[in-house]
Each structure stands twice: as C-alpha cells, then as structure tokens.
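Subject: Structure handover

Hello,

Here is the structure I promised you. Please open it beside this email and follow along.

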Amino acid sequence: MSTVILYGTETGTGELVSDSIADVLAADHDPSIYDMTDFAVDDLDPSDFVIVVCSTYGEGELPTGALPFADELDANKPDLSGLRFAVFGLGDKVYGDTFNRGGEIMAEMLTKLGATQVGEHGRHDLSSDIKPTTQAAEWAEGIAPLINA
C-alpha cells in the first residue's frame with residue numbers, strides 16, 4: 001500500500017503542510033506528494049491511502065490548485081469504492097460558516113464517489129497561534145496507525 005498526499009493550495013501553505021505530514025509518515029509509509037494540479041483522477045488507486053490537504057479560498061471555495069482535480073472528479077465520476085482517505089484542511093475562523101470549507105468539499109466529493117474517510121478531519125485555523133505545519137504533524141501522528149488498519 002502506498003500513501004499518496006494530494007494538496008490543493010492558493011498561497012503554498014498546503015504544500016508546506018504536506019511536507020510536514022510526509023516527514024511524520026516517512027519512516028513507515030514512504031509517502032508521495034502531489035500538487036492536485038499535477039495528479040490525474042485516473043491515478044487514484046483503491047489500494048493506496050490518500051491524504052488530502054486543502055486550503056479554503058474566497059468565501060468557502062476550493063483553491064485554484066484544487067480546481068482541476070475537483071473538476072475532473074466531477075466530470076469523470078469514477079467509482080472510488082475501496083479508497084480510504086483522510087483530510088487536513090486549512091482555513092480561518094474569521095470566515096464563520098465557510099471555515100475550512102475547501103477540505104470539506106473535497107471530502108464530500110470523494111465520499112459521494114464511494115471513498116471512505118477515516119480518522120479525524122484536521123482543521124487548522126489561521127487565526128490561531130499554532131503553525132499549520134505543527135498542527136499537521138500532530139494530526140499525522142494520529143493518522144499514521146490508521147493507514148494500514
């Protein structure tokens with residue numbers, strides 16, 4: 001089983017967070033990291049464990065970096081039965097109802113196509129004093145045992 005980390009970002013924080021998660025998982029899971037703009041939906045493999053890192057843009061929308069992947073999911077509607085995934089979202093509580101909506105949108109899209117979300121849905125708040133990479137590393141510690149479960 002491979003661990004695939006997909007990130008969708010507007011400003012680059014999602015990539016930094018993905019690197020932090022990969023550092024935690026490197027010893028036991030040898031993760032691969034891909035920008036969602038460079039990853040084809042056809043490459044999703046149910047035997048892989050997928051971690052989605054997604055920021056929120058504007059008023060609760062997907063970031064530019066996630067749009068091609070999301071559009072391809074929507075157009076192709078692949079059967080993702082058997083695919084297991086986890087989500088770490090980035091957002092700012094200042095935006096209230098749309099806080100961390102990007103990660104939620106990705107989770108909804110994947111589950112609608114048959115994939116199963118596991119573990120806690122990580123949600124970083126930009127307004128907090130906690131660095132996103134620090135919170136992501138702590139979150140990854142909790143996800144690591146679930147990857148091969």
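Which residues does Lys-77 touch, not counting residues up to four places away in sequence? They are Glu-72 and Leu-113. Contact here means heavy atoms within 4.5 Å.

Two notes before the rest. This is a predicted model, where local features need pLDDT of at least 70 and side-chain atom pairs count only at pLDDT 80 or more, while totals for chains, interfaces and linings use all residues. Residues are numbered from 1 along each chain as its sequence is written, and side-chain values use heavy atoms, with hydrogens and water left out.

**Two positive phi angles**

Stay with Lys-77. It sits in the loop between α2 (67-76) and β4 (84-91). Helices (H or I, at least four residues) and strands (E, at least two) are DSSP runs, numbered from the N terminus. Phi of Lys-77 is near 45°, a positive value. Most residues other than glycine have a negative phi. Lys-77 counts as exposed, at 52% relative accessibility. The classes are buried (under 20% relative accessible area), exposed (over 50%) and partly exposed in between, with a 1.4 Å probe and protein chains only. Lys-112 is 35 residues away from Lys-77 in sequence, yet their C-alpha atoms are 9.1 Å apart.

Now find Asp-30, in the loop between α1 and β2 (32-35). Its phi is also positive, about 40°, and it is not a glycine. Asp-30 is exposed, with a relative accessible area of 62%.

**Helix α4**

Helix α4 covers residues 132-147. Its 16 residues should span 22 Å, and the end C-alpha atoms are 21 Å apart, which agrees. The expected span is 1.5 Å times one less than the number of residues. The helix bends by about 30° at Glu-141, and Pro-145 follows within four residues. That bend is the angle between axes fitted to the seven residues ending there and the seven starting there. Buried residues of α4 include Trp-139, Ala-140, Ile-143 and Ile-147. The buried residues pack against β1 (3-8), α1, β3 (49-55), β4 and β6 (122-125).

**Pocket lining**

Last, look at the lining of the largest pocket. A pocket is an open set of points on a 1 Å grid over the protein atoms alone, where a 1.4 Å probe fits, with protein on both sides within 12 Å along at least five of seven lines; lining residues have an atom within 4 Å of a point. Both α1 (13-29) and β4 supply at least two lining residues.

Best wishes
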